[in-house]
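Please keep the sequence and the three-dimensional view at hand while working through them.

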Amino acid sequence: MSRHRLLKLAAIGTAAGAFSGLFGVGGGTVIVPLLILWLGFGEREATGTSLAAIVVIALLAAIGQGLYGNVDLLEGVLIGVPAVAGVIAGTALQQRVPERAVSLIFAALLAAIAVELLV
Amino acid sequence: MEYVAAALLGFAGGTVGGLLGVGGGILFVPALAIFLDEPQIRAVATSLVAIVPVAIAGTWRQRAYGNVRLRDGLIVGALSPLGVAAGVLVANAVSQRALEVSFAALLLFVAAQLLRRGLRGPDGGSTDPARARP
């Protein structure tokens, strides 16, 4: 692997790590767009590869936050395990629901959450 | 009761995530903060734990479709600790309010990306790097 490519992967890892530690997000907001922009990944490949990176990054960030005593391990597992079932259901449902409608509804939902957090 | 709520949040968040290809954090963090009344930093921390099984299952499924460049993904993960440490340090150093406000700004940014994607149509610009993802 070229040094140049390795540097790009390192920059992506560092940026995604910082976002994960700070905000608990990083895959879709950081890794996917950068893999596409900098390394010419296709969107599916970027998403798949990002998931593998996120396993490591979320684990490291969870340990870091755990050292500060911020982690509720039981609650995390209680959310994470049903979420796996949800992701599988959602992926199957994706074939039947118009994506643009879901995108627009979800955009409105996120905007509403942002306002709720701000006021 | 709170645990039932947590499990329901997990399932609902996972379903929306699977539908849209957006992942845990962007959903779990605000859900924990708003519905379970967690302070922002605790919402972030607990959501990170929840994301691990989701990402493992996602990797496994995507790998079956040949979408995972495992070596690249693991390199990105292996080279992340400096960023992770910086993020965790800053998150624990700044005020909760600052963390909340900057997270809200991030949500608005992702909402704008989704809006663009929704307005463009179901299959338009599938290689657009700005599409929101987990």
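The C-alpha centres of domain 1 and domain 2 of chain A lie 20 Å apart. This is a predicted model, in which local features need pLDDT of at least 70 and side-chain atom pairs count only at pLDDT 80 or more, while totals for chains, interfaces and linings use all residues. Residues are numbered from 1 along each chain as its sequence is written, and chains are lettered from A and ligands numbered from 1 in the order in which they are written.

**Exercise 1.** State which residues of chain A belong to each domain.

*Solution.* Domain 1 covers 1-71, and domain 2 covers 73-119. These bounds come from an automatic or database domain assignment.

**Exercise 2.** Describe the contact between chain A and chain B.

*Solution.* Two residues are in contact if their C-beta atoms, placed from the backbone, lie within 7 Å. By this criterion, 86 residues of chain A are in contact with 93 residues of chain B. Helix 3 of chain A supplies the largest share of the chain A side, 21 residues. By class, that side has 54 nonpolar (Ala, Val, Leu, Ile, Met, Phe, Trp, Tyr, Cys and Pro), 24 polar (the others, Gly among them) and eight charged residues (Asp, Glu, Lys and Arg).

**Exercise 3.** Summarise the secondary structure and burial of chain B.

*Solution.* Chain B has six helices and zero strands. A residue is buried if 20 or more other C-beta atoms, placed from the backbone, lie within 10 Å of its own. Of the 134 residues of chain B, 57% count as buried.

**Exercise 4.** Identify the residues that touch the most other members of the largest nonpolar core.

*Solution.* A nonpolar core is a set of buried Ala, Val, Leu, Ile, Met, Phe, Trp, Tyr and Cys residues joined through C-beta atoms within 7 Å. In the largest core, of 81 residues, the answer is I31(A), I57(A), A58(A), V29(B) and L107(B). This core draws at least three residues from each domain of chain A. Leaving aside neighbours within four places in sequence, the contacts of I31(A) include I12(A), A16(A) and V76(B). Both I12(A) and A16(A) are among the buried residues of helix 1 of chain A.

Key
Helix = DSSP H or I, 4+ residues; strand = E, 2+ residues; numbered from the N terminus. Buried ≥ 20, exposed ≤ 12 C-beta atoms within 10 Å, placed from the backbone.
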